[in-house]
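Okay, thanks for coming, everyone. Let me put the sequence and the model up on the screen, and then I'll walk you through a few spots I picked out.

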Amino acid sequence: MAQTVEMYTDGACRGNPGKGGWGALLRYGDVEKTLYGGESMTTNNRMELTAVIKGLEALNKPCQVKVTTDSKYVLTGITEWMPNWKKRNWRTANKKPVLNVDLWKKLDELVASHNVDWDWVKGHSGHAENDIADELANLGIDEL
């Protein structure tokens, strides 16, 4: 069985919308990689999605991936809402366009290349890797 890449992601915003940052911690065995960045005018949800996208983009071949996020928006979107959005041509149940559709489509494309398991953790609850992802997201804002 191939080893799993563990990925911990977080997004942050100062003002929503406002300055935003994203962070991702990737772990494969004993190897760790950290990624982060920011945008001057964005939303928390966009940064949560971007963190997962950037983490998956950093993988250079198809992998078994366990993504841990504190974003119920990302988790519910990818595991529950997306199949119906796609059936409805990226429309919600209320027939409105899906918010952040550009990022959802990109995430959908990336997830198709990997075997991804999704896990949720409560943010700011002392989960070490989630705290690191949060620090990285805030670094992304600080360095704007």
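So, to start: does Thr43 count as buried, partly exposed or exposed? Keep in mind, by the way, that this is a predicted model. Thr43 counts as partly exposed, because its relative accessibility is 25%, and partly exposed runs from the 20% limit for buried up to the 50% limit for exposed. As for where to look, Thr43 sits in the loop between β3 and α1, the helix covering 44-57. Skip the neighbours within four places in sequence, and Thr43 is in contact with Cys13, Asn16 and Pro17.

The peptide bond joining Asn16 and Pro17 is cis, with omega at about 10 degrees. Pro17 itself belongs to the loop between β1 (4-15) and β2.

Next, the pocket. How big is the largest pocket in volume? About 340 Å³. Its lining is made up of 16 residues, and Val5, Tyr28, Leu59, Asn60 and Cys63 are the ones nearest the centre. The elements giving two or more residues to that lining are β2 (18-28) and β3 (31-42).

Lys61 is exposed, because its relative accessibility is 55% and the cut-off is over 50%. From Lys61 to Pro97, which is 36 residues away along the chain, the C-alpha atoms are 32 Å apart.

Where does α2 bend? At Trp81, by about 60 degrees, and there's a proline, Pro83, following within four residues.

Which residues of α2 are buried? The list is Tyr73, Val74, Leu75, Thr76, Gly77, Ile78, Met82 and Trp85. The cover over those buried residues includes α1, β4 (64-69), α3 (101-111) and β5 (115-120).

After α2 comes Asn89, with a positive phi near 60 degrees. Asn89 has that positive phi although it is not a glycine. You'll find Asn89 in the loop between α2 and α3. Buried or exposed, then, for Asn89? Exposed, since its relative accessible area is 61%, against a cut-off of over 50%.

Last stop, His124. Here too phi is positive, about 55 degrees, although His124 is not a glycine. His124 is in the loop between β5 and α4, the helix at 128-142. With a relative accessible area of 64%, His124 is exposed.

That's my tour. Shall we go back to the screen and take whichever spot you'd like to look at?

How values were computed:
Residues are numbered from 1 along each chain as its sequence is written. This is a predicted model: local features need pLDDT of at least 70, side-chain atom pairs count only at pLDDT 80 or more; totals for chains, interfaces and linings use all residues. Side-chain values use heavy atoms; hydrogens and water are left out. On a 1 Å grid over the protein atoms alone, a cavity is a set of points where a 1.4 Å probe fits but cannot get out, and a pocket is an open set with protein on both sides within 12 Å along at least five of seven lines; lining residues have an atom within 4 Å of a point. Grid points are joined across faces, edges and corners, and a volume is the space filled by probe spheres set on the points. Buried means under 20% relative accessible area, exposed over 50%, partly exposed in between (1.4 Å probe, protein chains only). Contact means heavy atoms within 4.5 Å. The bend at a residue is the angle between axes fitted to the seven residues ending there and the seven starting there.
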